[in-house]
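Subject: Structure handover and notes

Hi,

Here is the structure we talked about. Please load it first, then read the notes below.

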Amino acid sequence: MKLYDKGVYLVNGTEIIEDTKDAAAAVKNMTGEDVCAAEAKKQTISYRILEKHNTSGNMENLQIKFDKLTSHDITFVGIIQTARASGLEKFPIPYVLTNCHNSLCAVGGTINEDDHMFGLSCAKRYGGIYVPPHQAVIHQYAREMLAGGGKMILGSDSHTRYGALGTMAMGEGGPELVKQLLEQTYDIHMPGVIGVYLTGKLEKGVGPQDIAIAIIQAVFGNGYVKNKVMEFVGPGVSELSVDERIGVDVMTTETTCLSSIWRTDEKVKEYYEIHGRKDEFALLEPGKTAYYDGMIELDLSTIKPMIAMPFHPSNAYTIEELNANLLDILDDCEKKAQVSFNGAVELNLKEKVRNGRFYVDQGIIAGCAGGGFENICDAADILEGASIGADEFTLSVYPASTPIYMELVRNGAAAKIMASGAIMKTAFCGPCFGAGDTPANNGFSIRHSTRNFPNREGSKVQSGQIASVALMDARSIAATAANKGYLTAATDMDVAFTKPKYFFDQTIYENRVFDSHGKADTSVEVKMGPNIKDWPKMVGLTDHLLLKVVSEIHDPVTTTDELIPSGETSSYRSNPLGLAEFTLSRKDPAYVGRAKEVQKAEKVREEGGHPYDALPELEEVVNVILKQFPDANEQNTGIGSTIFAVKPGDGSAREQAASCQKVLGGWANIAHEYATKRYRSNLINWGMLPFLISEGELPFHNGDYLFFPNIRKAVENQADDITGYAVADSELKEFHVSLGELTEDEREIILKGCLINFNRR
């Protein structure tokens with residue numbers, strides 16, 4: 001794999017010319033035409049799609065309107081509640097509400113099914129589409145029924161990626177979907193476009209997850225594609241089946257790119273025909289001479305079976321490399337666990353080495369990444385006639401939709417899998433976020449799913465429970481299962497893959513999915529279960545701001561799973577106050593108590609009382625501030641909390657990573673860098689200041705108070721440099737932060753206090 005240091009020209013879709021001083025001449029020699037980078041950038045697939053959907057008239061500052069929206073059942077309640085508070089009357093574009101995260105309805109009494117009934121009633125009242133539990137995971141339904149060539153889809157799940165079908169899709173926090181529901185726009189600068197030039201053909205037994213892990217390993221740490229669009233081109237694209245392309249595409253989220261798009265061909269056309277939507281196909285290719293801001297060149301024949309070890313998809317090795325250096329790599333994982341969990345629990349992987357081989361406890365093939373038809377058919381061929389054994393090892397297989405499941409039953413693949421001792425389950429995202437299939441303590445799970453962050457498999461460090469996940473391709477998981485749990489690469493198995501043809505049966509959707517066809521029925525009352533709560537009142541930004549640092553995190557990256565845990569909290573996503581109790585519970589269990597203590601003082605201030613009465617320590621802090629800023633008072637100075645993290649926000653698009661801090665009185669994050677655009681957007685949409693501070697020694701620590709004078713004016717005046725003061729040792733110590741670039745609407749949202757307040761203007 002090669003990453004180009006400079007931009008490149010791609011000529012005729014096959015010739016790469018690096019952007020050196022001789023590049024223009026080389027391009028002219030090949031094409032007979034003069035070319036410049038600025039014009040050639042317009043020849044990418046990405047530029048053309050973005051231009052079509054941009055409403056600003058300025059391709060440097062985009063204002064995008066999407067064609068369709070999609071959400072699942074731990075995001076759509078909050079989104080619709082926010083939109084309702086802002087005057088929603090009708091879904092202006094197709095909006096699909098899928099139910100694939102809280103499908104089990106097993107935690108918290110009736111509250112999961114209450115959320116589903118909320119979704120169905122909203123689909124009826126506002127004119128949407130409702131996909132009941134167990135029918136399809138969010139992204140598979142979108143592939144089968146929503147995607148379209150040259151279209152754009154926005155989803156409230158970070159793995160919203162349909163680029164392999166010619167659809168530019170993006171996963172964002174709920175407030176960005178609210179904006180689309182209110183017929184506002186998605187505002188971004190024109191993103192860079194990174195080409196991914198594929199050649200060669202996969203070795204037998206290698207699958208899409210192997211490609212994806214190899215790419216993530218190459219680009220995550222260096223930020224090569226961060227907040228950019230990945231555009232897959234080159235002859236190797238056509239050597240991949242559409243299912244294989246989809247499997248790579250969905251994992252591009254883990255590179256931290258903004259979105260993805262692929263050139264399309266006859267195989268994609270056939271995919272749309274199979275799904276009864278042939279009119280949605282569009283032939284997409286880069287122009288004669290297209291310019292990319294960077295290029296990843298990858299020969300598919302060089303890809304080997306991969307494994308992403310705990311605790312990130314980029315912590316990757318070939319399976320051959322792992323087996324050859326087993327104890328060293330396992331020791332490294334154990335050391336990383338000590339860092340991730342602050343020594344609270346001990347992960348012991350080396351004990352799983354038996355007679356020189358690595359024994360794993362569990363295999364999972366599931367969800368938007370693993371549950372595709374071809375993945376499961378290939379796994380079935382590997383498992384045919386084999387037994388997974390009667391020891392600890394288990395294998396569960398989740399087809400990504402009921403139509404896929406139906407075809408696996410009809411063609412016999414499901415029977416092969418079940419005969420081996422593996423279990424077939426319904427379409428469900430649980431294994432991807434820690435709901436269902438939690439291994440035993442110290443268990444090690446290999447999964448063809450999307451993430452392997454800490455606790456992503458459902459264990460609870462705060463209860464002394466620890467397990468871990470490695471990501472692998474379905475084929476190597478099946479090979480491991482056929483060897484009764486001993487780690488095995490699929491390329492080590494002699495298998496005749498049958499590659500059966502897929503036949504899509506839409507009957508199940510016609511019989512079960514509610515589709516309003518865009519017609520709203522205002523006579524339908526929205527069903528509100530007792531767990532569904534409105535967002536609490538939020539005040540606007542005050543003239544000055546006094547913040548207490550209530551958590552300090554120095555990990556290189558902080559995931560959204562650590563900011564607000566996934567699995568055990570999913571039942572409370574419809575209850576802002578209930579969910580907030582879990583904020584940072586895995587990373588800093590004392591956070592909630594500290595934040596609430598400060599919030600009490602702010603509530604007293606808002607009611608016209610004296611904050612000191614709620615938080616006596618404030619009096620000494622304020623007296624220090626008044627020496628230099630005598631105009632600061634209880635009317636013009638807000639009191640809240642903030643956290644410091646080196647690089648927060650990797651992972652999920654879930655808005656709750658920010659909103660839970662806001663609900664607990666958070667006014668800001670302070671970071672050296674934000675891991676993703678979507679997390680920073682979530683902060684802004686909840687009225688929180690996304691402060692950036694230069695790397696180096698911090699001028700404050702956990703428990704310190706920070707004062708930001710004239711912060712409202714700084715936001716209004718687009719100040720590049722903002723002065724803050726750490727209150728310590730009876731004096732103010734000056735430091736500086738910035739907010740990065742903000743659109744005018746983003747500034748106004750922060751000034752108003754949140755997106756809900758902004759839309760009440």
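One cut-off before the notes: a salt bridge here is a side-chain nitrogen of Lys or Arg within 4 Å of a carboxyl oxygen of Asp or Glu. Buried means under 20% relative accessible area. Please also keep in mind that this is a predicted model.

**Glu457**

Start with Glu457. It sits in the loop between strand E23 (444–448) and strand E24 (468–471). Which side chain of opposite charge is nearest to Glu457? It is Arg447, 6.5 Å away. The salt-bridge limit is 4 Å, so Glu457 is buried yet has no salt bridge. The side chain of Glu457 does have a polar contact with the side chain of Ser459, at 2.3 Å. Leaving aside neighbours within four places in sequence, Glu457 is in contact with Gly434, Asp437, Thr438, Pro439, Arg447, Ala467, Ser468 and Val469. Arg447 is thus on the contact list, although no salt bridge is formed by Glu457.

**Helix H18**

Next, helix H18 (residues 474–482). How many of its nine residues are buried? Nine of nine are, and the helix is mostly covered. Arg475, Ser476 and Thr480 are among the buried residues, as are Ile477 and Ala478. After H18 comes Lys484, with a positive phi near 60°.

**The five-stranded sheet**

An open sheet holds five strands in the order E1-E15-E11-E12-E13. The pairing is mixed. Strand E1 (2–3) and strand E13 (259–262) are at the edges; each has a single partner strand, so one side of each has no neighbour in the sheet. E1 pairs with strand E15 (residues 294–299) in the antiparallel sense, over two bridges. In that pair, Lys2 is opposite Glu297 of E15. Helix H3 (residues 45–53) lies across strand E11 (193–199), strand E12 (229–233) and E13. H3 runs at about 115° to E13.

Strand E5 has two parallel partners to look at. With strand E8 (residues 152–155), E5 pairs in the parallel sense over three bridges. Lys68 is opposite Ile153 in E8. With strand E6 (residues 95–98), E5 also runs parallel, again joined by three bridges. Thr70 is opposite Val96 in E6. In a regular strand, side chains alternate between the two faces of the sheet. In E5, Lys68 and Thr70 point one way, while Leu69 and Ser71 point the other way. All four are buried.

Lys65 is in the loop between strand E4 (61–64) and strand E5 (68–71). Is Lys65 buried or partly exposed? Lys65 is partly exposed, because its relative accessible area is 36%. Its side chain reaches the backbone oxygen of Glu183 at 3.4 Å. Beyond neighbours within four places in sequence, Lys65 is in contact with His53, Thr55, Gln180, Glu183, Gln184 and Thr185. Lys65 and Val233 are 168 residues apart in sequence and 26 Å apart in space, C-alpha to C-alpha.

**Backbone points to check**

- Pro310 and Phe311 are joined by a cis peptide bond, with omega about 10°. Phe311 is in the loop between strand E16 (306–308) and strand E17 (316–318).
- Lys499 is not a glycine, yet its phi is positive, about 45°. Lys499 lies in the loop between H18 and helix H19 (507–512). It is partly exposed, with a relative accessible area of 46%.
- Leu584 is not a glycine either, and its phi is positive at about 55°. Leu584 is buried, with a relative accessible area of 1%.

**The loop between H21 and H22**

Leu584 is in the loop between helix H21 (576–580) and helix H22 (591–606). Asp588 lies in the loop between H21 and H22 too. Asp588 is buried, with a relative accessible area of 13%. What does the side chain of Asp588 make a polar contact with? The partner is the side chain of Arg594, at 3.1 Å. Leaving aside neighbours within four places in sequence, Asp588 is in contact with Val550, Ser551 and Arg594.

Best wishes

Conventions: Residues numbered from 1 in each chain as written. Predicted model: local features only at pLDDT ≥ 70, side-chain atom pairs only at ≥ 80, totals over all residues. Heavy atoms only, no water. Pairing = 2+ DSSP bridges. Contact = heavy atoms within 4.5 Å. Axes fitted to C-alpha atoms, helices over the stretch in contact; angles between N-to-C directions. Buried < 20%, exposed > 50% of the residue type's maximum accessible area, 1.4 Å probe, protein only. Lys, Arg positive; Asp, Glu negative; His and termini not counted. Polar contact = N/O pair within 3.5 Å; in protein donor to acceptor, adjacent residues only side chain to side chain.
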